[in-house]
Amino acid sequence: MVPPAEFTSYYGRPVIKEVVWGVPDVPGYLFLGGLAGASSLLAASAELTGRHELARTAKTAAVGAISLSALALVQDLGRPARFINMLRVFKPTSPMSIGSWLLTAYGPAAGVAAASALTGRVPRIGRAATAAAAMVGPGVASYTAALLADTAVPAWHDAHRELPYLFVSSAATAAGGLGLALVRPEHAGPARNLAVAGASAELVARNLLIRRVRRAGTVEAYQSGRAGHLMAAAEVLGVSGLSIAATLGRNRVAAALAGTALVASSALTRFGVFYAGRISARDPKYTVVPQRDRLRRQDQAESPADAGLPAAGLVGQHGLLQCLG
Amino acid sequence: MSTRVAPAFAAGPTDAAGGLDPAARSGYADHPPRMGFFTDTSVCIGCKACEVACKEWNKVPEDGLELTGMSYDNTGSLSASTWRHVAFIEQIVRAGDSRWLMSSDVCKHCTEAACLDVCPTGALMRSEFGTVVIQDDVCNGCGYCVSACPFGVVGRRETDGGAHKCTLCYDRIGDGLTPACAKACPTESIQFGPLDELRERAQGRLRELHDAGTPQARLYGEDPADGVGGAGAFFLLLDEPEVYGLPPDPVVTTRDLPRMWRHVATAAAALAAAALLSGLGQRS
């Protein structure tokens with residue numbers, strides 16, 4: 001459905017507020033949180049099957065990524081000194097509250113798992129921490145989809161069914177890609193498998209998401225401006241990395257190349273989704289046009305006699321007020 | 001610790017009009033009637049006394065003194081430091097015939113308030129009057145409420161990093177006083193009172209205007225069946241909502257949150273399965 005080119009707004013001003021979350025802090029966190037959560041799973045999988053080099057690398061990546069995440073998140077607050085207020089309440093109606101508790105559980109587990117793996121000390125506690133991080137990791141990698149979707153930002157909310165799948169695929173792509181890039185191919189089997197599975201799933205999820213937002217009337221936010229460039233670059237890197245990993249993934253140089261491309265692809269996807277939301281918040285058409293269409297469909301459902309009417313008389317009625325954007 | 005486990009649309013006590021009773025659902029067993037604003041824009045003269053009175057009473061700082069070039073509106077929009085905003089719209093109805101629309105916008109104090117639902121610190125709370133208030137000493141400036149509000153009401157103030165918005169003069173109404181904006185309004189365009197009384201009065205005014213030959217008059221935000229469960233601050237408008245910068249059909253984002261969590265859980269399970277399966281197969 002092509003939305004009408006003209007709609008009414010108040011001097012072209014946005015209806016909803018601009019997203020105040022900063023770049024690179026928040027999109028960077030979306031990427032790093034995914035990388036960390038999926039890396040903890042990869043570490044557990046590698047450890048269970050005796051690939052200790054891969055397990056060690058994945059655990060180190062997890063703790064590094066989650067530490068940077070925590071810094072980025074605190075820095076992005078308007079009042080960083082009060083970050084601890086996140087733990088005053090436990091609110092399932094707030095994905096950010098759930099996320100804060102997930103990170104509180106996950107961070108220390110990932111830290112202990114990595115410390116034990118790197119020093120060789122307290123192996124039993126290290127194994128318990130590895131298991132704990134692997135259990136919380138999927139939550140850390142996926143809740144950020146609800147974090148973005150549970151807003152009035154049209155491009156994010158419209159994608160609320162598909163974003164979780166896009167984000168976990170992207171997380172798997174990043175974790176697998178990093179293992180592929182850093183670990184000798186003969187020890188990197190699980191990373192290669194995860195990277196290929198993640199990048200393939202990401203292609204599907206991205207397509208489903210685009211189909212959804214096209215129906216919802218917000219696809220342009222994903223395909224225009226910086227978001228469009230980022231999403232396109234993510235796809236090119238993802239497909240390249242996937243092809244190389246699936247065919248030449250046992251070659252050290254090819255694996256490093258593929259892994260790097262996949263990690264970059266995952267990051268670009270997160271930045272692309274983030275910018276799509278920003279674009280859709282700034283322009284009133286993303287809020288007004290889909291809501292108008294919804295009202296029109298409701299009207300038509302209630303009184304089929306009016307079904308033939310054009311896009312409401314208001315468009316074109318007040319020449320002064322028409323927004324050209 | 002929040003006691004609310006279900007999102008905003010869960011069943012609960014209702015008010016006289018069949019809408020949800022937000023104060024009772026937030027745990028106020030015995031509470032005063034739900035208070036709100038009815039802003040009748042058909043009698044607004046654009047004097048901005050409401051903007052000034054709000055700033056004075058609530059000690060809201062200055063937030064830019066530039067000319068916007070948008071008619072007489074140099075305020076622009078609601079924000080962390082603008083809790084009442086008067087919109088000015090000059091319309092050419094037909095050649096040689098123009099009209100002015102003026103409207104004082106404010107926080108809607110939604111029955112199903114997304115800002116309150118998503119606040120991770122509990123800084124946003126429901127008052128005993130059914131209004132939505134930000135506790136400044138708790139807010140850590142995460143900005144989630146800013147993006148959750150479907151009306152673009154809540155803002156984050158650059159100078160102190162916190163989120164701010166209209167409190168419906170919580171400190172005045174608790175003492176039986178009228179909120180500053182309504183008190184200062186010279187034409188009673190802004191009316192304050194128990195919400196069910198305001199809704200009745202608004203229906204009467206709407207009939208009056210329709211009978212007087214103003215079919216464009218319509219109420220905005222008064223219907224408990226709308227996407228936010230009805231607003232505590234609603235309006236009588238003389239044109240489509242988007243003409244005034246209001247969303248035509250806002251729906252609280254948290255209505256879809258149960259579905260979001262289901263998809264998140266499925267996706268998380270799929271990730272866990274994929275990662276664990278990735279270890280299978282022979283070592284190369």
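Select A:Ala38. Leaving aside residues up to four places away in sequence, A:Ala38 touches A:Gly137, A:Ala141, A:Ala171, A:Ala172, A:Ala174, A:Ala175, B:Leu271 and B:Ala275. Contact here requires C-beta atoms, placed from the backbone, within 7 Å.

This is a predicted model: local features need pLDDT of at least 70, side-chain atom pairs count only at pLDDT 80 or more, and totals for chains, interfaces and linings use all residues. Residues are numbered from 1 along each chain as its sequence is written, while chains are lettered from A and ligands numbered from 1 in the order in which they are written.

**Next: the helix pair.** Helices (H or I, at least four residues) and strands (E, at least two) are DSSP runs, numbered from the N terminus.

Show the side chains. From α6(A), A:Pro164, A:Tyr165, A:Val168, A:Ala171 and A:Ala172 take part. They meet residues of α8(B) including B:His263, B:Val264, B:Ala267 and B:Leu271. The contact residues divide into 12 nonpolar, 1 polar and no charged. Nonpolar means Ala, Val, Leu, Ile, Met, Phe, Trp, Tyr, Cys and Pro; charged means Asp, Glu, Lys and Arg; the others, Gly among them, are polar.

Go to A:Val23 and A:Pro24. A cis peptide bond joins them, with omega about 5°. A:Pro24 sits in the loop between β1 (7-8) and α1 (25-48) of chain A.

Move to A:Val122, in the loop between α3 (95-119) and α4 (123-149) of chain A. Its phi is positive, about 30°, although A:Val122 is not a glycine. Is A:Val122 buried or partly exposed? It is partly exposed, with 13 other C-beta atoms within 10 Å. The cut-offs: buried at 20 or more other C-beta atoms within 10 Å, exposed at 12 or fewer, partly exposed in between, with C-beta atoms placed from the backbone.

Finish at B:His109, in the loop between β3 (97-106) and α3 (114-118) of chain B. B:His109 also has a positive phi, about 45°, and is not a glycine. With 32 C-beta neighbours inside 10 Å, B:His109 counts as buried.

Note on methods:
Two residues are in contact if their C-beta atoms, placed from the backbone, lie within 7 Å.
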